[in-house]
Amino acid sequence: MTSSQDACYISLLGLAEYFRTSTPPDIKKCIQCLQALFTFKPPLKVEARTHLQLGQILMAYTKNTDLAKNHLEQAWILSENINNFDDVKFDTASLLAQLYQQQDQSSLAKPVLRKAIELSQHNVYWHCKLLFQLAQTHATDKEYTLASELLAVGVESTDESNATYLKSLFLLSRAMIMMIERKTNDVLAILNQASPIIDHSIQNVHLKEYLKVFFYVLQVCHYLQLGQVKTVKTSLKMLQQSIQTIIAPNWPSDEQIFGQNNTEMFMWLPKEQLYVLVYLVTVSHSMMAGYMDKAQKYTEKALTQIEKLKSQENKPILAVFQIILLEHIIMCRLVMGNKSLAIKEIALAKDVCLSSTNKFLLKKHAPQLHCLLGLYAMSTSLFEHAEKQFYACIQETTERELKLFANLNLAIVYLRTKREQDLRNILEQIQQENSQCSNSQALMGSFYYVQGLNAFHKSSFHEAKRFLRETLKMANAEDLNRLTSCSLVLLSHVFLSIGNSKESMNMVTPAMQLASKIPDIHVQLWGSAILKDLHRMLKEPTQEIEAYNNHVHFSQNLIADQLKCTKFPEHALINWFQGDPPLPMLSQDLLLQPTAATIVAPTVAVASGSGVPLVVQQQQQQQQQQGGTFVRLPGTLNQQVMFQ
């Protein structure tokens, strides 16, 4: 009887696999074969394994997540207390928790994973895999302290089992969590702990190189988070050298590297994704340094790579990379005076967010979209819309730096619209928040710039010079070129206002040189107007005419671009202040005509980080559905001149 039952089990499993692997797959018959097994009242192990298989099939090939969840829950109940059944037991727990997470039911995922972690202490592979997964779940829910504690448990567990590679992954993942929490000193301590382990204790040269990329990415992001654009250059160069090594033609495939033993089957990101991640941090660095042309070039290359990857397999993580790259390039467009491109790309970013599963990206990036729309509205002199967009960003975000960034620009809106009381209130608020939370050189320098701008508008020229010298000190220390050019041109205007033409010329000349290098059309517009007045004072008519012609050229370009962008249907997005963004609509009410270009202060343009990294992904087929970490892109291109 037992032999006959075994034969039925084997036959049904064989048939199920035959239907699954047919061309095309016949999933309905595959599922029917697996369900037929239950009619024979199989042993607990067979029953649990079959429920797991059904859950896997339903998740992979159908949209019937409720039925998949039912089978996985049955598999977990049956296998939880069976000894020597690790693969089924822990695979079930992991997959069930993943399904709960996809349905926004992390409160159900966490107890399953905690129980599985408790039961898996004898199995290093599963114990670490489940620790990473639970840490990721807590991180997604912004429960960073719990995530960090779990990763610390992972460090201890790998110490006991002498799994040095895994220990490095746990350490670096924990540093990532600390970075999200803005625990600067803790990030440095963990990176300093990980560095000698990677350099001296990892014998496999391929694993070591992947860990070095992970390490350098964190180091670069850490410095950029602090606005230390100059300090980061060495680390960024090392990162770029490492990624060139990994994408070289003679480098083994990920499958060859991650699969030699259980404790080395974990990776942070595949090399194609690492390749794009390096592009992304390079874009972030270029933008903060004020090299908009470089940022634009690398963004375009990265977005092209994303499209290639999407054509191969459209993983959700690709949309994460795409939206972060778009956020960067939109700010570049606004600095360069390309508002018509910016509003098109804001609309594209909105579409990417809306198309993500359960609108996940919209939940994460709506504040950034509002902030970008605020900058766009500000650049088109629609200050009422700009104010509402910045306010929406501030209300929706929990990121302190993004809130500070929006507040700084909101202060300029109040200054431009002569709302003195509102301006005083927000500057006091920024002062308190800045002293409490911001270690960013860029944001602190921007705050001094806004104060200097306010003092200038009040004709408090001595006070304006004091603030702007502080800005220049911070900007020059870290090569924040756009902040430097903005401060120089404002200082030049201060000296022009008090009749000191020599000092005014000394300030405006380097400001224009920097602005043309960036390029920043707003500073060029402002600087050309100052030069026109200076040359008139100095009785230099030829140079005065040249400066005037330049001013007219910049002004006409801005007006023409503004006229074009306000006629786009995407322009309607400036009326989206809450809820889901609408589809762009062409409305005559929105075709606002641009005003004549005036000499105005440029917006504060400091890159705001919006990417929240995940923890670690495992090199295993069923997990690849979720994608990777942080930000990523692909690449099989042999580009030896990628980072020139």
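What pLDDT does the chain average, and what percentage of the residues score at least 70? The chain averages a pLDDT of 87, and 89% of the residues score at least 70. pLDDT is the predictor's confidence in each residue, on a scale from 0 to 100. Over residues 584-644 the pLDDT is below 50, yet this stretch has 214 contacts in the model beyond near neighbours in sequence. A contact means heavy atoms within 4.5 Å.

Some ground rules. This is a predicted model, where local features need pLDDT of at least 70 and side-chain atom pairs count only at pLDDT 80 or more, while totals for chains, interfaces and linings use all residues. Residues are numbered from 1 along each chain as its sequence is written, and side-chain values use heavy atoms, with hydrogens and water left out.

Now the whole chain. It has 27 helices and 2 strands; these are DSSP runs numbered from the N terminus, helices being H or I with at least four residues and strands E with at least two. Of the 644 residues, 58% count as buried, meaning under 20% relative accessible area, with exposed over 50% and partly exposed in between, for a 1.4 Å probe and protein chains only. Among contacts between residues at least 6 apart in sequence, 68% join residues at least 24 apart.

Next, two helix pairs. Axes here are lines fitted to C-alpha atoms, for helices over the stretch in contact, and angles run from 0 to 180 degrees between N-to-C directions. Under 35 degrees counts as roughly parallel, over 145 as roughly antiparallel, 65 to 115 as roughly perpendicular, and the rest as oblique.

Helix 12 (residues 233-246) and helix 14 (residues 271-289) pack at about 155°, with axes 10 Å apart. Helix 12 and helix 14 are therefore roughly antiparallel. Their contact has 8 nonpolar, 3 polar and 2 charged residues. Nonpolar covers Ala, Val, Leu, Ile, Met, Phe, Trp, Tyr, Cys and Pro; charged covers Asp, Glu, Lys and Arg; the others, Gly among them, are polar.

The axes of helix 16 (residues 316-336) and helix 18 (residues 360-379) come within 10 Å and cross at roughly 10°, so helix 16 is roughly parallel to helix 18. That contact divides into 11 nonpolar, 3 polar and 1 charged.

Last, one residue. Leaving aside neighbours within four places in sequence, E345 is in contact with L326, I329, I330 and R333.
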